[in-house]
Amino acid sequence: MPPNDDAPSDASLVQHALDGEAAAFATLFGRYHGAIRQFAYRVVLDEHAADDVAQESFITAARRLGSLRDGQAFAAWLYRIAANAARTHLRSSRAHERKLAAAVAGCADDGETPPPDERAARALAAMDGLPAKQREAVALVLLDDLSHAEAARRLGCAESTVSWRIFCAKRTLRRKLIP
Amino acid sequence: MKNSHDDPWRDALAHLQPAPCSDEARDRALALSLAALCDGMRDHRSSSSDGESHAARTVWWWLAAAAACIVAVSLSLLPRGPAPKTDGLGPVFGQIEALFPNQLDSVIVSAAGVTVNTSDTPTTTYADQRIRLLLSKAGSTTADVQIVTYSGRRVCVNVRGDDLCMTPLLTGDGGVMVVTDTQVLGQDSPLPFPGYRLHMSPMKGDAL
């Protein structure tokens, strides 16, 4: 969640954290942990894995904070770390596949409006059909309503790359989600 | 490019929400991040110093040594309260630890008695991760509440009717910091309860 007008800026908190004030980093943690965990969940599609990815992201950010040149870019930098952590998790873990298989198996396909948990399972299964990089773009653009340019900044790629990933993702999602 | 026309997608994917994060997972992530921050700052400083010339490093070493001597002498002359006295919780903790191998979270001694907190799930514990916390009234030489726990474990105590929950952490330089729900405490940080102070120290295995 970005800071409001009265709250200290990310740049200010980063500088204080670099000066040794752990409380400043704790404030940054409180500001972004929920968003990063949600982003991670939409990529790894598993709550426990999302907890792990969010934790790993903040540990990495804390350890490398001294290498961040522009404190105002903290959020974008943190999202890039989280995206990398999520990809690493997906590469190394097969646990999410078992959970998704169970979710897909329980997915209704009778043409009626499914109850909320089945819609969640359907959304989960649809997202599982996307490559990780397309999930990242979907999470930021379609769900968090960021512009393609801002999403590109957070993912460390070109705006046109995000646009292409969204186009491809929509093509896949349309078959599974839009009646 | 903004996405005002993407509402149908958002509706279709709206159920892709994780359940709220547990306090335990969040606290653990924060605690580990703050410990990593300490490590990162130390590494960053040491790697920065690697780039300096040998001559500059020598000058800085002598200046730092001189400054450290001045600070050490100054600190030794300052009046400061000693750590509150305890009644030897260390040996008790060692005995309880042996009774509950890898299940002991903390032992808290206060006027209300001794509280032993154990975990349902065995977790590997290490002797060099033990931390002692002493909560006392400012100026008092005896601790009102003694806690022995491990780095990264959350403990809650009741002070004058209010709960104080905190997670003590060993830092990279061998010190201790304490993370509460609202602040990070060092050795001299003010507590949310005026008139009280918190003394924190690592407990080596041989301290038992």
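What share of the 179 residues of chain A counts as buried? The share is 53%, where buried means under 20% relative accessible area, exposed over 50% and partly exposed in between, with a 1.4 Å probe and protein chains only. This is a predicted model, in which local features need pLDDT of at least 70 and side-chain atom pairs count only at pLDDT 80 or more, while totals for chains, interfaces and linings use all residues. Residues are numbered from 1 along each chain as its sequence is written, chains are lettered from A and ligands numbered from 1 in the order in which they are written, and side-chain values use heavy atoms, with hydrogens and water left out.

**The two chains**

- Chain A has nine helices and zero strands; helices (H or I, at least four residues) and strands (E, at least two) are DSSP runs, numbered from the N terminus.
- Chain B contains four helices and nine strands, and from the N terminus on its elements run α-α-α-α-β-β-β-β-β-β-β-β-β.
- In chain B, 36% of the 208 residues count as buried.
- Contact means heavy atoms within 4.5 Å. Among contacts with a separation of 6 or more, residues 24 or more positions apart account for 61% in chain A and for 52% in chain B.
- The accessible surface of chain A comes to about 8300 Å², 49% of which belongs to carbon and sulfur atoms; such areas come from the Shrake-Rupley method with a 1.4 Å probe, and for residues only the protein chains shown count as cover.
- For chain B the accessible surface is about 11800 Å², with 57% belonging to carbon and sulfur atoms.

**The largest pocket**

- A pocket is an open set of points on a 1 Å grid over the protein atoms alone, where a 1.4 Å probe fits, with protein on both sides within 12 Å along at least five of seven lines; lining residues have an atom within 4 Å of a point.
- The largest pocket holds about 830 Å³ of space, a volume being the space filled by probe spheres set on the points, which are joined across faces, edges and corners.
- Its lining has 30 residues, and Arg28(B), Thr123(B), Ser151(B), Gly152(B) and Arg153(B) lie nearest the centre.
- Helix H3 (47–64) of chain A, helix H2 (23–50) of chain B and strand S6 (162–170) of chain B each supply at least two lining residues; the largest share, eight residues, comes from H2(B).

**Aromatic pairs in the model**

- Rings of Phe, Tyr and Trp (its six-membered ring) pair if their centres lie within 6.5 Å; planes under 30 degrees apart count as stacked, over 60 as edge-to-face and the rest as tilted.
- Over all chains there are five aromatic pairs.
- Phe29(A) and Phe58(A) form a tilted pair, 4.8 Å centre to centre with 55° between the planes.
- This pair links distant parts of the chain, as Phe29(A) lies in helix H2 (residues 22–44) and Phe58(A) in helix H3 of chain A, 29 residues apart.
- Phe29(A) counts as buried because its relative accessibility is 0%, and Phe58(A) is likewise buried at 0%.
- Tyr32(A), Phe74(A) and Trp77(A) are linked into a cluster by ring pairs.

**Helices H8 and H9 of chain A**

- Helix H8 (residues 148–155) of chain A is mostly covered, with six of its eight residues buried, among them His148(A) and Leu155(A).
- The cover of these buried residues includes H2, helix H4 (74–92), helix H7 (132–143) and helix H9 (159–177) of chain A.
- Just after H8(A), Gly156(A) takes a positive phi of about 70°.
- Phe167(A) lies in helix H9 of chain A and counts as partly exposed because its relative accessibility is 45%.
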